[in-house]
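Hi,

Here is the model I promised to pass on.

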Amino acid sequence: MERHAFHALGTECELLLDVEPSPDAVLALALAEGEIRRLERLLSRFRSDSELSRLNDAGELEAGDDLLAVVRLALEARERTGGRFDPTVHDALVAAGYDRSFEELAVEGAGSPAAPAGGAVRVRGRRIGLDPGVRLDLGGIGKGYAVDRAVAGLATVGPCLVNAGGDLAVAGVPAGGAWPVGLDTPAGELTLGVAQGALATSGRDRRRWRADGEDRHHLIDPATGRPADSDLVTVTVAAPTAVEAEVAAKALFLAGEQAAAAEADALGLPALLVTADGRVRLAGGLA
Amino acid sequence: MTDHVARLYATALAIVVFFLSWAGVAAHPWGHETEAKADPRMAQLDRRAEKLRQRQARVQRKLDRRFAAYRVALARRQAEIAAVQASPAPVAAPSAPSVSAPSVATVSAAPVTETRSS
């Protein structure tokens, strides 16, 4: 098993490749890391020179392949989730105090009044246009996109797993039959065997800070422009791709326990819900 | 006067003899023979060092050949991967919803990685 770890996308990334050590494996791992870093340079809202920041500053842009693809995916997700996933929460995140990369964020800071989300985003050909005052945050979905891209590249060499801070995707079956992925729950550590597809976890147990004397977290409810008030602590979802898993995890988190379980069952999305009172609930056929 | 000249000649002769003796001692003509006879292990070590130098040269040539082959293979592989990445298909791949459903179940194996809130 070849393993390669590095820091990117504001989190720890890990690449696993179930092959014998070889120059091809080393090269593939290096290229996968390069691809993740390239996408971070394009899609990070914390880099003033990223393509996303240029779009947010100018309000419109002739976009490259990747930004265009991620914006289209994000708009499709907004449509599909009825607005529970929304890429226009940039200003709401900043208003909540998440105005720089999480490593640089002060534990106690100042926030601003909640900022609305849901502004118009137009895509015509390669041109992306934002309504005045609308800015995009592609943090989560961009991470999923980077994971999907990296796993597609690594899959040419052998069975592989790419994990970017909990958003992970696999391709190919390792010698053991499935990729065992650990998950901390109030009931202890569970292990999920992932033979195909992707996993993502969204929750308010991490990326927390205090602003104006109250606890804040990074999962913004687009309807209020404020950190979501959910009866769930974390949601882990399996989906065909990391992008879809990331979107589903956020959408189910905002839905709350009962609606999330019903939706996961209806869509056949294996999901694990951890509730605020410490229960663990499996849904979507996960057993 | 005659004694004075004789003393000068004697002094000059003494100086010449002194320097000739010094040169003779400094040349130590007995040295090579003594050293050669002194330690035969030195000659053995010299031969061993020469053999090692030859072996090192052979290994270096072999390494150079292998590294050249590796660089050729690496360049070919990089070109293949760059071609795959430059083609439009992989860009579109993550965009299109995959038709394959995820396959996930709880297991008892030791985890190789973990998922957590991101």
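**Salt bridges in chain A**

Lys250(A) and Glu246(A) sit four residues apart in helix 6 (residues 242-255) of chain A, so about one helical turn separates them. Helices here are DSSP runs of H or I with at least four residues, strands are runs of E with at least two, and both are numbered from the N terminus. The two side chains meet in a salt bridge, 2.4 Å from N to O; the term stands for a side-chain nitrogen of Lys or Arg within 4 Å of a carboxyl oxygen of Asp or Glu. Lys250(A) is buried at 18% relative accessible area, and Glu246(A) is buried too, at 1%. (Buried means under 20% relative accessible area, exposed over 50%, and partly exposed in between, with a 1.4 Å probe and protein chains only.)

There is also a network in chain A: salt bridges with shared partners tie together Glu35(A), Arg38(A), Asp66(A) and Arg149(A). Within it, Glu35(A) bridges to Arg38(A), with the closest N and O atoms 2.9 Å apart. Those two are three residues apart in helix 1 (residues 23-43) of chain A, which again means about one helical turn between them. Glu35(A) is buried at 7% relative accessibility, whereas Arg38(A) is partly exposed at 28%.

Another bridge joins Arg122(A) and Asp131(A), whose closest N and O atoms are 2.8 Å apart. Arg122(A) is partly exposed at 32%, and so is Asp131(A) at 30%. Over all chains, the count comes to 20 salt bridges.

Before I go on, some housekeeping: this is a predicted model, so local features need pLDDT of at least 70 and side-chain atom pairs count only at pLDDT 80 or more, while totals for chains, interfaces and linings use all residues. Residues are numbered from 1 along each chain as its sequence is written, chains are lettered from A and ligands numbered from 1 in the order in which they are written, and side-chain values use heavy atoms, leaving out hydrogens and water.

Leu9(A) is worth a look: its phi is positive, about 55°, although it is not a glycine. You'll find Leu9(A) in the loop between strand 1 (2-8) and strand 2 (11-17) of chain A, and at 17% relative accessibility it counts as buried.

**Chain B**

Chain B has four helices and two strands, in the order α-α-α-α-β-β along the sequence. Of its 118 residues, 9% count as buried.

Which residues of chain B form an aromatic cluster? They are Phe18(B), Phe19(B) and Trp22(B). Rings of Phe, Tyr and Trp (its six-membered ring) pair if their centres lie within 6.5 Å, and planes under 30 degrees apart are stacked, over 60 edge-to-face and the rest tilted. The rings of Phe18(B) and Phe19(B) are 5.4 Å apart at their centres with planes at 75°, so they are edge-to-face. Phe18(B) also pairs edge-to-face with Trp22(B), at 5.7 Å centre to centre and 65° between the planes. Phe18(B) is partly exposed at 48%, while Trp22(B) is exposed at 52%.

Finally, Arg61(B) lies in helix 3 (residues 40-86) of chain B and is partly exposed, with a relative accessible area of 46%.

Cheers
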